[in-house]
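User: Could you show me how to read packing features in a model like this one? I would like the general idea and then the case at hand.

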Amino acid sequence: MADALFVVLRKVALSLGEGALEKIAKEVVEAAPLMTDFEHSMKQIEGELSVLQAFINQVSAQRVSDKAFDAWLDQVRDVAHEVEDIIDEYAYLTAQAVDTSSFFKRKFHQIKNIAAWQKFPSQISQVEARIQRLSEMRNRYGFSVSELDRNNNLQLSCQFCLSDSAYLIDNSEIVGNADEIGKLTQCLLEEKQDWSLIAILGMGGLGKTAIASTVYKNQKIITSFDCQAWVIVSQTYQVEELLTEIINQLIIGERASMPSGFMTMSRTRLVEVIQSYLRDKKYFIVLDDVWDKDAWLFLNYAFVRNRCGSKVLITTRRKDVSSLAVDNCVIELKTLKHADSWELFCKKAFRASKDNICPETIRSWANKIVAKCQGLPLAIVTIGSIMSYRGLEEQEWAFFYNQLSWQLANNPELSWVFNVLNLSLNDLPSYLRSCFLYCSLFPEDYKITRKLISKLWIAEGLVEDRGDGTTMEEVAECYLMELTQRSLLQVTERKACGRARTFLMHDLVREVTAIIAKKEKFGIAHGGAGTTQVAHGARRLCVQRGAQTLNSFSSSRLRSFILFDTEVPCSWVHDILSRFRLLRVLCLRFVNIEQVPDVVTELYNLRYIDFSYTKVKMIPASFRKLVNLQVLDLRCTYVEDLPMEITMLTNLRHLHVFLVHDLQLRSLNCLGATKIPGNICHLKNLQALQVVSANKDLVSQLGNLQLLRSLAIAEMRQSYIAELWNSLTKMPNLNRLLISMCNVKETLDLKTLKPLPNLTLFVLSGKLEGGLLPSIFSVKLKILKLDWSSLKKDPVSSFSQMLNLVDLLLTGAYAGEQLTFCTTWFPNLKSLQLADMEHLSWIEIEDGTMMNLHVLLLAGLRNLKAVPEGIKYIRTLHEMFLTDMSNEFIIRLHGSDNHIVQHIPNINKFDSSDSQAVNNAIYLPWLAKKFGPGAIKYASINCGSSGS
């Protein structure tokens, strides 16, 4: 690397003349030994960073309420950040050193960088000195990092477990969960001889322990068993102590028969004692707060399978633990409904008043507090108890609500809530902890999409590359699944294939995680409730509101900058980005900018750029300098051409660029294609490419992109098809494909082509040769969209055997008069769209077809005069969209045919010429579905009205 720098410096000097050459030569000679030593130091400092990060991950969750240790650990983190900065600065300057373009323009800048290189040795020396001082400080204050303070942790863990059931003492105060309690009681009283394992699953604070306690103390259940015991397992269990406690409780009334010296028995002997006692008894044992399967594997041996109808009940936050029980014996708790939450809160907050009635003067604030708890019983009870001894003045309640984030972090009375939720975070392995902290940066109630968060984690280097043929995206998906199994994220939407699509953090979990992320300088969510300032040294910044208050903020340490505040001017965006030279992630989605800020192409460490839903029109050729870029998201922008230099970004994994011309996706060219000049053969890491304009060279070059999983190609011609298909067969993992022809007259002949076996989504837009359906459709298809195919024969029967099909969309696909859906066809279909078939006058729907259909969309079927009679058989329908239908159809819908659709709760009718209606019925609900309900307020009005 030093040699490369010298070459560049010589080129700079030569361009300046002989006098400059002598001066530069002198500086190079002086810098040479420093550069050589520095490369050796870099290797050492990278090793130091690995050790620091491992150390922080190991000890960060081991100490609770140890302020001195926390202060020392914060300084260790600062040193780790400094080391990371040195390494990233090295990468930044290295990228500049090899960038020889625009040479004359940058010559002075190259000279200036000699000083930057010369700073590295002193920076490394300072870091090494700080590490030495921290080591001395550890010895001076007696911080023990080699052993856990086990007794302290065990005591606190038990305290937190008890906090999870803070309101279980009086069972009469339990609100909600009647069905769950009933099911649990039924499982316990079930008259069968087989031994049973039952599990209660749910996130911390849902009341798992409270519900278990309700049935444990139920007199009917007590008398149904010969003996019972309750032990708290927790994260820091000792098997011998648990076994001893079980013996204590089982033999509590039979001390005489208790074996002598059992307190000092080995684990094996304790198991034998329990087995002997339980051999002929019907027993009921509760294992509360189980965190891993190992705990069960140890205790399992003690529980005799004696066919007396014995039961073991475990409570856990983790799905893998609950899976030990059989399916019908897993009771998964959900958050309380609002009515139950309100009743529980009023019981606690207004217990001194008659009938626990909330005064009208503070009802609105009480409602906001309850809403903030999002149905979490522990939070409702704890906050309700705090408010019970506060005044009933509106100002006091408003102040508490507005300071709730601060209260959660600082109010000792709320420490139980904080600690119970924090237990799950501390239980995370290091590779998951940082990923979960990242999730806390998003706004309240924001739906986190699987694809987005995976890309962000990868760009930040938080996802390991396993190198076994598994992509990092697949590893990231495993991380997400593990977080859901630990009850830290909940799946809010699944794709047609059943794959999780969006996730949500419980708001209080997000608050707790955000507090920790801020404390550890991992990241800051600015503009949320309670946020007053951005801590110096934060590594990640998500601006939700109040962006322009950051004018005084400057941090070269920032790695992620995500902007949700769309009201900032372009000049502010340009200015703020100039301060973040080591940025890896830049997300300006929905921001009101029309061009790429100049400084972006100087951010050499960028891995992720998101300009989607902006007014950006052009990508500059200088993007070639972003050699580390992995994701470039230009969806719903105005970019029509990409520079040839894009093909030089060999690390690109995802390239999304298109404009939506038709929100209803009914026209042939509803998605605008983007031209990519040059040779794309070098983009071998690409996994997604959307939407690219076809040409003869490009379709043949696609065969080199063998990692592609998703491809959208438009403006196709018949003469390209054979070469395109040849390229597609070289992509073993391709599962999503969109092909759109250049115009309605261009005919597609696909009869000789073989199916692509792994496709799950296929969109084919264009006229098919002879009006005949080719045999290219994979049986694995879950989503199929045919547009403007001009088929002569009813295509429905051809698709009827696709048992996996979930979404079927036919737009202008059929030129005939009747479509028929027969009994047993499409058993898994959830959504059906029939649009713009001008001759279609009859739709036959037999009883027993499409028995799981949820959404039906009929659009532009002008010749369809009557509501299809068979719709009455589809009882699962909950939404129907009617667009551009004939007046006669609408009249019959409200009149003689109304009985056919009476069971459908939501029927939406509008004309496509009404842009406001299209926005309200299609665009805004789509935004909310894709990004969460909060996304609508972040989307600029121009984005929606422009059709993008």
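This is a predicted model: local features need pLDDT of at least 70, side-chain atom pairs count only at pLDDT 80 or more; totals for chains, interfaces and linings use all residues.

User: In which crossing does α15 pass α18, left-handed or right-handed?

Analyst: Residues are numbered from 1 along each chain as its sequence is written, and side-chain values use heavy atoms, leaving out hydrogens and water. A crossing is left-handed if the near helix is turned anticlockwise from the far one by less than a right angle, and right-handed if clockwise. Here α15 passes α18 in a left-handed crossing. The contact (heavy atoms within 4.5 Å) is made by Leu-378, Ala-379 and Thr-382 of α15 and by Trp-416, Val-417 and Val-420 of α18.

User: At what angle do α15 and α18 pack?

Analyst: Two packed helices are described by the angle between their axes and the distance between the axes. Helix α15 (residues 377-388) packs on helix α18 (residues 415-426) at about 165°, and their axes are 9 Å apart. Axes are lines fitted to C-alpha atoms, for helices over the stretch in contact, and angles run from 0 to 180 degrees between N-to-C directions. Helices (H or I, at least four residues) and strands (E, at least two) are DSSP runs, numbered from the N terminus. The pair is therefore roughly antiparallel; angles under 35 degrees count as roughly parallel, over 145 as roughly antiparallel, 65 to 115 as roughly perpendicular and the rest as oblique.

User: How do α20 and α21 pack?

Analyst: Helix α20 (residues 450-459) and helix α21 (residues 472-485) make an angle of about 115°, with axes 9 Å apart. That makes α20 roughly perpendicular to α21, and α20 passes α21 in a right-handed crossing. Among the residues that meet are Ile-453 and Trp-457 in α20 and Ala-476 and Leu-480 in α21.

User: What is the strand order in the open sheet?

Analyst: Strands of a sheet pair through backbone hydrogen bonds, either parallel or antiparallel. The open sheet of 5 strands runs β2-β3-β4-β1-β5, with parallel pairing; two strands pair if DSSP finds at least two bridges between them. The edges are β2 (227-232) and β5 (330-332), each with a single partner strand, so one side of each has no neighbour in the sheet. From one strand to the next, the twist averages 15°.

User: Which helix packs on the sheet, touching β2 and β3?

Analyst: Helix α9 (residues 239-250) does, and its direction makes about 145° with that of β2. As for the strands, β2 and β3 (residues 283-290) pair in the parallel sense over 6 bridges, and Trp-230 stands opposite Val-286 in β3.
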